[in-house]
Amino acid sequence: MELLFNYLPKSAHPQIDVLLKELNIDIRITKERLTKHGDFRFYPNKKPIITINQSLNPYRFLITLLHELAHFKVFQNYKNGMKPHGKEWKRAYREIVFPFLTPEIFPNPICSSLARHMINPKASTDRDFELVMALKAFDDQQGQIHIYELQEGAVFQIHNGRRFVKIKKRRKRYECKEISSGRIYIFSPHTEVFPE
């Protein structure tokens, strides 16, 4: 529990303490995973597990924890009979997030963006551009910029060193060509890249 609190905003500690004392679940902090911030898993005859990336800023960490706790609540009530991000999960997620939705816990613009997001929460906060950008303001930036900030034709690298050229914007995402293979990839506008 003490280790978990190191990753959360201090103002959320009392509420998290109360919430977690009610639940029988393991929470594990993992190395960064590029495809997800956290997940909820259950196995027969074992305690359910939530994993959360250690690399998240405190506000994204808290949102991810609450997102996964909503999955756990749905599992407790319905077992496997529901869609992962269906109406039952959305209801549970709203109920869990609502008590935390204060400026004492989430500074603006995160608080207002999260409030709008919770009207109809998506499966991932990464699909909500406004909320992502509000959260990224609290990340450690190390020379990255967002792909939407690059001009068409600009060359950039991603975290693993692969190089791309930004081609054009589709509806919301950006089409880019990998320089080494010539293959086309689609990137979210808030993807962090290293310009060359």
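## Charged side chains in a predicted model

At 26% relative accessibility, Asp26 counts as partly exposed, a class that lies between buried (under 20% relative accessible area) and exposed (over 50%), as judged with a 1.4 Å probe on protein chains only. Asp26 sits in strand β1 (residues 26-30), while Lys47 lies 21 residues apart in the loop between β2 (38-41) and β3 (49-53), so that the pair links distant parts of the chain. The model is a predicted one, in which local features need pLDDT of at least 70 and side-chain atom pairs count only at pLDDT 80 or more, whereas totals for chains, interfaces and linings use all residues. Residues are numbered from 1 along each chain as its sequence is written, and side-chain values use heavy atoms, with hydrogens and water left out.

**Overall architecture**

- The protein holds 6 helices and 9 strands, these being DSSP runs numbered from the N terminus (H or I, at least four residues, for helices; E, at least two, for strands).
- Of its 196 residues, 44% count as buried, and the C-alpha atoms fill a box of roughly 55 × 35 × 30 Å along the principal axes.
- Among contacts (heavy atoms within 4.5 Å) with a separation of 6 or more, 48% come from residues 24 or more positions apart.

**Salt bridges**

- A search of the whole structure finds 12 salt bridges, each defined as a side-chain nitrogen of Lys or Arg within 4 Å of a carboxyl oxygen of Asp or Glu.
- Asp26 takes part in a salt bridge with Arg28 (3.8 Å, N to O) and in another with Lys47 (3.7 Å, N to O); Arg28 is partly exposed at 44% relative accessible area, as is Lys47 at 36%.
- Glu130 and Arg116 form a salt bridge whose closest N and O atoms are 2.2 Å apart, and this pair joins helix α6 (residues 129-136) to helix α5 (residues 110-117) across 14 residues.
- Both partners count as partly exposed, Glu130 at 39% and Arg116 at 46%.
- A network of salt bridges links Arg33, Lys36, Asp39 and Arg41.

**Positive surface patch**

- Lys122, Arg127, Arg171, Lys172 and Arg173 gather in a patch of positive charge on the surface, where a patch takes residues with over 30% relative accessible area and no salt bridge, like charges being joined within 9 Å and nonpolar side chains (Val, Leu, Ile, Met, Phe, Trp, Tyr) within 5 Å.
- Lys172, placed in the loop between β6 (163-169) and β7 (174-178), counts as exposed because its relative accessibility is 60%.

Conventions:
Areas by Shrake-Rupley, 256 points an atom, 1.4 Å probe, with all protein chains shown as cover. Lys, Arg positive; Asp, Glu negative; His and termini not counted. Charge placed at Lys NZ, Arg CZ, Asp CG, Glu CD.
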